[in-house]
Amino acid sequence: MGIIAWILIGLLAGFIAKALMPGKDPGGILITMLIGIAGGLLGGWLGKVLFGVDSIDGFFDVSTWIAAIAGSVILLAVYRILTGNKRHHRHA
């Protein structure tokens, strides 16, 4: 698959991961999209390393989507753990 296909899968996987793990995230939609793209690549790599499956068979293959969504959920969880709730509140 080409890089454009991976970007599209990653964007959609990030959106789905956000729907599966609702809540406020620091960074907003841009960070969520980047996490989705990186998560798609992570999911494909983990599928190959851990399970020996080629999870990047094609754009419409179910294993591709499962891997991308799983990777996005993992990265979103890690991102939330690392950033925590560091928002500063001003009191007047």
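Author: Let me begin with a definition: helices (H or I, at least four residues) and strands (E, at least two) are DSSP runs, numbered from the N terminus. By that rule, S72 lies in helix α3. As to the source, this is a predicted model in which local features need pLDDT of at least 70 and side-chain atom pairs count only at pLDDT 80 or more, while totals for chains, interfaces and linings use all residues. Residues are numbered from 1 along each chain as its sequence is written, and side-chain values use heavy atoms, with hydrogens and water left out.

Reader: What does the secondary structure of the protein come to?

Author: There are three helices and zero strands, and read along the sequence the pattern is α-α-α. Helix α1 covers residues 3–20, helix α2 residues 28–51, and helix α3 residues 62–83.

Reader: Why is S72 called buried?

Author: Buried means under 20% relative accessible area, exposed means over 50%, and partly exposed lies in between (1.4 Å probe, protein chains only). S72 has a relative accessible area of 0%, and therefore counts as buried.

Reader: Which residues is S72 in contact with, leaving aside its neighbours within four places in sequence?

Author: Contact means heavy atoms within 4.5 Å. On that basis, and with those neighbours set aside, S72 is in contact with A13, G14, A17, I35, G36, G39 and G40.

Reader: What makes the approach of the S72 side chain to the backbone oxygen of G36 a polar contact?

Author: A polar contact is a pair of N or O atoms within 3.5 Å; within protein, one must be able to donate a hydrogen and the other to accept it, and residues adjacent in sequence count only if both atoms are side-chain atoms. The backbone oxygen of G36 lies 3.3 Å from a polar atom of the S72 side chain, and the backbone oxygen of A68 lies 2.9 Å from a polar atom of that side chain.

Reader: Why does T83 count as buried?

Author: T83 has 17% relative accessibility, and so it counts as buried. The side chain of T83 also reaches the backbone oxygen of Y79 at 2.8 Å. Both T83 and Y79 are listed with the buried residues of α3, which also include T64, W65, A67 and G71.

Reader: Why is F15 called exposed?

Author: F15, which is placed in helix α1, has a relative accessible area of 58% and therefore counts as exposed. A19, in helix α1 too, has 56% relative accessibility, so A19 counts as exposed.

Reader: Why is A70 described as partly exposed?

Author: A70, in helix α3, has a relative accessible area of 38%, and so it is partly exposed. The C-alpha atoms of A70 and G39 are separated by 7.4 Å, although these residues are 31 residues apart along the chain. A77, also found in helix α3, has 27% relative accessibility and therefore counts as partly exposed.

Reader: How do you know that the span of α3 agrees with the span it should have?

Author: The expected span of a helix is 1.5 Å times one less than its number of residues. The 22 residues of α3 should span 32 Å, and the end C-alpha atoms of α3 are 31 Å apart, so the two agree. For α2, with 24 residues, the reach from first C-alpha to last is 33 Å, close to the 34 Å expected.

Reader: How many of the residues of the protein count as buried?

Author: Of the 92 residues, 32% count as buried, and in α2 the buried residues include T32, I35, G36 and G39.
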